[in-house]
Amino acid sequence: MALRSRARAARLLSSSASAPSLPYFDTSRSSTNALLPCDSTQCKLDPSVTGCLNLNQTVQTCAYYSSYGDNSVTIGLLEADTFTFVAGTSLPGVTFGCGLNNTGVFNSNETGIAGFGRGPLSLPSQLKVGNFSHCFTTITEAVPSTVLLDLPADLFSNGQGAVQTTPLIQDAKNPTFYYLALKGITVGSTRLPVPESAFALTNGTGGTIIDSGTSITSLPPQVYQVVRDEFAAQIKLPMVPGNTTDPYFCFSAPSQAKPDVPKLVLHFEGATMDLPRENYVFEDAGNSMICLVINEGNEMTIIGNFQQQNMHVLYDLQNNMLSFVAAQCDKL
């Protein structure tokens with residue numbers, strides 16, 4: 001899991017999105033920055049992403065390789081530096097990757113990716129925090145989102161509704177992911193005839209994860225087809241030609257009206273995520289079009305950040321629980 005800019009989703013959904021210039025990190029301007037040698041503890045923490053690189057015939061240093069679900073790849077050097085947080089706290093020797101070869105979706109307003117997974121090099125692991133939370137603001141607006149580490153007891157005091165809590169599931173074959181027990185999906189008032197096994201984790205494959213670094217929720221093909229067909233049956237609007245499968249499932253809509261859309265509800269073990277309209281529908285008034293913002297993926301179900309807008313999400317790492325509640329994230 002990675003906390004990364006959500007501008008890609010905004011770009012896909014709105015032609016007015018722009019890509020400002022990126023401020024790059026100049027390591028020469030930091031007196032505390034250091035390359036990490038191959039025999040360092042940090043370089044050996046996660047062999048799945050780190051390894052030794054020959055800079056020249058005599059110098060070796062630690063390098064990293066990381067790939068993401070949207071096929072983006074970043075390759076660079078593993079380094080350490082002092083990190084200073086908003087509250088003024090400074091921590092020396094925090095390990096991070098300085099990307100030298102970045103391919104894929106890295107051409108928006110991203111200046112970096114903060115790893116928040118379960119791996120030993122993630123930010124929560126290095127800071128040894130017991131929990132963290134994020135609250136993503138509306139995806140098409142340029143309002144910063146909040147990330148909190150080691151949270152107060154009154155975390156959800158500004159929540160809008162009942163706090164929902166569901167277990168986080170760990171898997172030895174994919175230890176960095178945050179798996180959830182998704183039980184089913186409701187469209188409108190119809191609980192879809194999809195077996196729980198379609199969302200289940202089996203021998204390291206399939207399963208359902210929640211991921212801040214994935215823009216749009218994706219469903220296994222057989223599940224996506226059922227959701228799409230039921231949504232189309234209930235919305236009762238004509239489909240836009242050529243937009244029935246990729247990138248989104250779109251319909252023609254009256255330009256001056258806001259047509260009713262069926263509810264979309266995700267049912268987890270012990271929790272219900274009743275998504276607000278703006279978290280699964282994109283409305284393009286200029287082109288008189290309304291789209292279901294969910295992708296067809298592979299056998300894994302991924303709950304993306306578009307679906308997490310204006311939702312305060314807490315990862316309780318000590319107790320392996322995920323809690324969430326609707327919130328006005330720009331007021332947090």
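Modeller: Let me start with a disulfide, meaning a pair of cysteine sulfur atoms within 2.5 Å: C135 is joined to C329, with 2.0 Å from S to S. The link of C135 and C329 is left-handed, with -75 degrees about the S-S bond. Because C135 lies in strand β8 (residues 131-135) and C329 in the segment after β26 (321-326), the pair ties together parts that are 194 residues apart in sequence. Please keep in mind that this is a predicted model, in which local features need pLDDT of at least 70 and side-chain atom pairs count only at pLDDT 80 or more, while totals for chains, interfaces and linings use all residues. Residues are numbered from 1 along each chain as its sequence is written, and side-chain values use heavy atoms, with hydrogens and water left out.

Colleague: Are C135 and C329 buried or exposed?

Modeller: C135 and C329 are both buried, where buried means under 20% relative accessible area, exposed means over 50%, and partly exposed lies in between, with a 1.4 Å probe and protein chains only.

Colleague: How many disulfides does the count come to?

Modeller: The count comes to 4 disulfides. One of them joins C43 to C62, with 2.1 Å from S to S, and with 90 degrees about the S-S bond this link is right-handed. C43 sits in helix α2 (residues 41-45) and C62 in strand β4 (residues 60-67), 19 residues apart, so to speak of the pair is to speak of distant parts of the chain. C43 and C62 are both buried.

Colleague: And which residue does C250 join?

Modeller: C250 is joined to C291 by a disulfide with 2.0 Å from S to S, and this disulfide is right-handed because the torsion about the S-S bond is about 105 degrees. Since C250 lies in strand β18 (residues 249-252) and C291 in strand β22 (residues 289-292), the pair ties together parts that are 41 residues apart in sequence. C250 counts as buried at 3% relative accessibility, and C291 is buried as well, with a relative accessible area of 4%. If the bonded cysteines of the protein chain are numbered in sequence order, the pairing reads 1-3, 2-4, 5-8, 6-7.

Colleague: Let's step back to the whole chain. How many helices and strands are there?

Modeller: The protein chain has 4 helices and 26 strands, counting as helices the DSSP runs of H or I with at least four residues and as strands the E runs with at least two, numbered from the N terminus. Of the 332 residues in the protein chain, 45% are buried. As for contacts, which are heavy atoms within 4.5 Å, 66% of those between residues at least 6 apart in sequence join residues at least 24 apart.

Colleague: Now the sheet with β19, please. What is the order of its strands?

Modeller: The order is β13-β12-β19-β20, in an open sheet of 4 strands with antiparallel pairing, where two strands pair if DSSP finds at least two bridges between them. The edge strands are β13 (190-191) and β20 (271-275), each of which pairs on one side only. β12 and β19 run antiparallel and are joined by 5 bridges, and T186 has V265 in β19 as its bridge partner. Strand β19 (residues 264-268) and β20 also pair in the antiparallel sense over 5 bridges; L266 has M273 in β20 as its bridge partner, and F268 has A271 in β20.

Colleague: Which residue takes a positive phi in the hairpin of β19 and β20?

Modeller: G270 does, with a phi near 80 degrees, in a hairpin that has 2 residues between the strands.

Colleague: Where does helix α4 lie?

Modeller: Helix α4 (residues 221-235) lies across β12 (182-187) and β13, and runs at about 20 degrees to β12. Axes here are lines fitted to C-alpha atoms, for helices over the stretch in contact, and angles run from 0 to 180 degrees between N-to-C directions.

Colleague: One last residue, then. What does S218 touch?

Modeller: Leaving out residues up to four places away in sequence, S218 touches N295, G297, M300, T301 and I302. S218 is found in strand β17 (residues 218-219) and is buried, with a relative accessible area of 10%.
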